[in-house]
Each structure stands twice: as structure tokens, then as C-alpha cells.
Amino acid sequence: MKELLLITGIFDRLSGGSSSEKTNEQEEYTIEDYQELLNEYKDAEAKIRINMATLYFENENFKESMNNLEKANEIYTELKDLGKKALVLDLMGDINRINKKNNSALKNYRDAYRIYSEIKSDHKYEIQEKIDSIGVSVTAREAETIYDGVSPKRTENITVTKPMAPDYTKISSNIEEVIGMLKGADTYLSYAKSENPMEALENAYEMSGEIGDDTAKSTLLLIMGYVNLEKSKTEISLKYFKEAFENFHEIDDKLGEAVSSLLIGTAYYIIGDMDNVNSNFRKSIAIFRELKDVFGEDVAMRLMNAIYED
Amino acid sequence: MIKFIESGIPGFNELTLFNNNEGGIPEKSIILVYGPPKTGKSIFCNQFSYHGLLNHEPCLYVTTDQSMKQLQSNMMDFQWYIEDYIQKQTLYIIDGISHLSGAKLIETNNVKSSSVGNPADMMVKVGIGSRSVYKKSNHFRSVLDSINTLLAFNPDQMVMRVLKAYIRRISEAGGTGMIAYTEGITSPETEKNIKSLFDNTIRLDGQNILYESRFEDANELNNFKSTYSITDNGLVVN
């Protein structure tokens with residue numbers, strides 16, 4: 001109703017018709033005036049779209065609801081109205097979450113949080129609760145990004161819930177990609193696909209020891225751990241991964257440490273020990289950043305995302 | 001009593017006659033064939049392996065300087081056609097160099113790809129390969145041509161261990177082997193250590209061939225020296 005009155009009033013002004021607010025002088029409009037009018041139209045449209053989105057949502061037409069919110073978001077972006085943009089993002093996050101699209105919801109909430117932080121709005125705390133309640137574990141780096149300006153104490157309590165155990169087949173290619181970052185790993189991964197993988201790997205492990213190839217030895221330990229992970233022998237795989245980490249640490253192979261930490265974290269995730277998941281994933285990302293290994297970081301993030309995917 | 005096998009190089013057996021009037025390559029020994037670049041070391045090794053194939057002795061060939069395709073081509077230059085032996089699986093090839101150039105090698109039961117940068121894998125395949133050729137005959141030959149690329153890609157100490165592992169595997173399986181090495185590509189100390197691994201060495205300098213042999217029950221070194229030339233049919237000792 002308010003929007004209709006506004007529009008009516010604007011037309012009155014343009015037509016030059018009588019109005020109790022009209023001045024006696026002939027008004028002249030500048031470009032800026034028309035731009036302001038245009039922005040008012042756009043703002044009105046955005047508000048109407050939000051109302052439409054609400055009605056669509058109530059009728060469970062989520063697709064149309066999102067379409068209207070996306071258009072409202074575009075308008076507020078154009079108008080540089082950050083507060084309203086964040087509100088729309090919050091609403092989009094809610095709809096995605098109801099539709100169990102947690103990754104999309106998380107992205108919406110993160111964007112909203114970022115904006116609310118920027119404009120110093122207390123709404124960011126509501127968004128914070130929503131992010132936490134989705135139950136996604138984040139790395140220190142992401143926490144830094146998301147919780148900009150929030151005290152470190154708060155970031156320690158990021159992960160509160162245990163997500164569901166991953167479907168191993170979905171993450172196996174990611175694990176291979178992670179291990180594949182190590183020298184010679186591609187060749188040794190082929191042993192894992194042989195008829196007697198553990199026998200082949202142990203044979204190669206023995207040979208590596210014989211020729212003093214410590215990097216190969218450690219890589220083979222990771223792959224032996226991977227083979228055991230495939231067989232759901234998670235505790236055994238964890239032992240291999242930890243031994244690999246110790247070996248890599250002894251030979252000062254940082255990349256090996258980073259890869260091992262990722263796999264240790266993965267094993268803990270399957271076991272359900274979330275504290276150790278987070279600490280190992282954080283350690284891994286920190287090492288990749290120390291090495292300025294953007295590719296490695298990217299591969300690590302893909303594994304983590306695959307683990308937490310719906 | 002030491003037994004010998006035919007070298008396949010004309011004039012070599014006659015050059016290396018021992019007290020028992022036998023000459024050639026001591027059976028079940030591993031020989032270092034070394035010398036400056038481009039003196040015929042690979043030709044010597046190829047000739048040795050081909051002669052064995054002709055006499056129904058299977059061969060395990062580890063090539064690290066040339067791809068399998070190049071090996072086939074180079075052997076053909078001397079009319080040594082190995083395709084048939086590959087088909088019959090009496091020639092077992094481990095190609096350690098194609099992988100580096102990104103070339104895809106089609107692996108079969110007796111053609112395997114490895115990498116000089118991955119010596120552990122290479123030695124695993126040597127183990128598997130030596131068992132495979134041993135099953136065909138306990139009189140088999142083996143060639144590793146050459147150490148050069150291994151030294152380029154790996155620390156010297158590791159290469160030394162690789163050589164020891166290779167020598168041990170071939171010896172344990174009862175094979176007779178040759179390893180090629182180009183002088184001067186590594187430090188004098190490493191070179192000295194490499195030579196110390198072998199009781200039998202052959203040096204080719206482009207003109208002269210020097211064969212030094214030390215047996216377990218002999219304190220002195222036996223030296224055999226002559227000249228040689230490279231012909232259309234391979235190396236010939238004069």
C-alpha cells in the first residue's frame with residue numbers, strides 16, 4: 001500500500017496535477033532527481049519481490065520464492081543497500097536450509113555475515129547461530145574469514161555437531177587426489193589396485209627401505225592406510241597415516257606432513273572424533289599456506305568439502 | 001671351477017681365456033661396462049643380451065637412457081630384431097625413461113613402465129621381472145643400461161643402494177648381468193664406489209678394451225687388453 005501511494009504521488013508530481021503538497025513554482029527535475037526516482041522504483045520492486053517470495057514460500061513454491069529473492073538481491077546490490085542485501089541473503093539461506101541444501105545455505109549465511117560485520121550490525125550474531133546450527137566444521141582459515149573481528153575464544157567453539165559419516169566411495173577419488181600430490185605416488189597408487197594390494201605395497205615398502213628412499217616409504221605407508229580405509233579398517237588406517245606423518249616429519253617433508261594430516265583428519269572423521277578432525281585439517285591447511293601451495297590447499301578443500309557434502 | 005657363458009662379442013671369448021682355456025663372461029656374475037661417452041657401451045650390452053636370446057636365454061633388460069622404442073630401433077641398426085622375443089616373452093623390458101617424457105607405454109606381462117625418478121618402483125619391477133625370466137630358464141641374462149640417468153635423478157647414496165639391490169636380485173636368481181656407466185658424470189668418489197661393487201669390469205675407451213676380473217679364490221686381478229671396433233654387425237674385439 002505504501003508503495004502504491006508512493007507511485008501515485010510521483011505521477012502527480014510529473015503530471016503537474018494539483019496536490020496539497022505542490023508548490024506554486026514550476027518544478028524542474030535534474031538527472032539526479034530522476035535517478036533518485038528510479039532508485040525508489042527499484043527499492044519498491046525489491047520490497048514487492050520479497051513479499052512475493054514470502055507468499056511463494058508459504059505456498060511451498062520454493063523455486064519461485066528463490067527466484068524473487070535473487071532478483072531482490074540483484075537490486076539491492078545495484079542500489080548498494082548492504083543491510084537489505086544481507087537480509088535477503090539471510091532469507092535465501094533459510095530457504096536453502098529448509099530444502100536441505102546446506103552448502104548453498106552456508107554460502108548465503110557467510111555472505112550475510114560478512115556484510116553485517118562490515119556494517120557493524122548485531123544481526124551477525126543471529127547469522128552466526130545459523131551457521132553453527134548447520135553443523136559444518138570449518139578450518140581456522142575459514143573461521144578467520146567468517147568470524148572477522150570475533151574473539152578467538154568464540155572460534156574454538158565452531159564445531160558442535162557430528163555430521164553423518166561420509167559415503168566412502170564419494171571421497172575415495174579425493175583421497176587419491178590428495179595422495180597423488182606426493183612424488184611417485186601415482187605409481188604406488190597403482191599397486192593399490194593390484195590383485196594383492198597389501199602384498200604389493202609391503203614389497204615396495206621393503207624395497208624402499210632397502211634403497212633408503214624414505215619419501216617412498218612414507219608415501220607407501222599412506223597408501224597402505226588408504227587401502228585399509230577402503231576396507232573400513234579405520235583404526236588400522238589411522239596407524240599407517242600417523243606413522244607416515246612421523247616419517248615425513250623426520251625427513252622434514254612438509255608436503256608429506258600436510259597430506260598425512262589431511263588423511264589423519266579424514267580417518268578421525270570416520271571414527272567420529274571431531275576434535276581431532278578439526279585440529280588435523282587446520283594443521284594441514286596451515287602447512288599448505290606456509291608452503292604457499294595454492295594447488296595443495298585447493299585439493300585439501302575439495303576433500304573437506306566432499307566429506308561434508310550433503 | 002668358474003663357468004663362462006658366451007659374450008656374443010666376436011674376439012672377446014678368445015681374449016679372456018683363463019687357465020682352464022675357457023673365456024667369456026663368468027656365469028652368474030655382474031659386470032660393469034664403463035668408459036667415456038659414445039664408446040660402444042650400450043652396443044656391447046645389447047650384443048650380449050641378443051646373443052643370449054639367440055641361444056634361448058631369456059633376458060631382463062632395464063633401460064633408463066633410451067625408451068623401449070629407441071632400444072628396438074638401435075638394435076635394428078645392427079640387424080638385431082627383438083620384436084619376436086618380446087612377443088614370446090623371453091625378453092622382459094623395464095622402460096624407466098618413457099614415463100618422464102609423458103609417453104604412454106602399453107604394459108604387458110613382459111613390458112613394464114617405471115621411472116628413473118622412482119627407483120623403489122624400478123627395483124620392485126626388477127624383482128618381479130627376474131622371477132619371471134627365471135621361470136623361463138635359470139640361465140638368463142640381464143642388462144641395466146645405464147646408471148647415468150639414475151644418478152641424474154637421485155642422490156648418489158641412493159643409487160649405490162639401488163645398484164646393490166639390483167646386483168643382489170640378479171645374482172640370487174642366478175642371472176648373468178651387465179650394467180653400463182659413463183665415466184666422469186659423477187664425483188670421483190662415487191665413481192670409485194661404483195667400481196668397487198664389481199669383481200668384473202670392462203672398459204671401452206673408443207679404441208681399447210680392458211677387461212679386469214677378480215675371482216673369489218684369487219688374490220690377483222686378471223687383466224685382458226686389446227683393441228676393438230664397431231662394425232655394421234656390432235662390436236668386434238681385434
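Two residues are in contact if their C-beta atoms, placed from the backbone, lie within 7 Å. This is a predicted model, in which local features need pLDDT of at least 70 and side-chain atom pairs count only at pLDDT 80 or more, while totals for chains, interfaces and linings use all residues. Residues are numbered from 1 along each chain as its sequence is written, and chains are lettered from A and ligands numbered from 1 in the order in which they are written.

In chain A, residues of helix H2 (residues 31-58), including Ala46(A), Ile50(A) and Ala53(A), meet residues of helix H3 (residues 62-79), among them Leu69(A), Ala72(A) and Ile75(A). Helices here are DSSP runs of H or I with at least four residues, and strands are runs of E with at least two, numbered from the N terminus. The axes of H2(A) and H3(A) come within 8 Å and cross at roughly 160°; axes are lines fitted to C-alpha atoms over the stretch in contact, with angles from 0 to 180 degrees between N-to-C directions. The two helices are therefore roughly antiparallel.

Strand E9(B) (residues 200-204) pairs with E3(B) (residues 30-35) in the parallel sense over 4 bridges, and Thr201(B) is the bridge partner of Leu32(B). With E10(B) (residues 208-213), E9(B) pairs in the antiparallel sense over 5 bridges. Between E9(B) and E10(B) the hairpin has 3 residues, and Gly206(B) takes a positive phi near 105°.

The chains also meet: 11 residues of chain A are in contact with 12 of chain B. On the chain A side, helix H11 (residues 197-211) gives the largest share, 6 residues.

Conventions: Pairing = 2+ DSSP bridges. Parallel < 35°, antiparallel > 145°, perpendicular 65-115°, else oblique.
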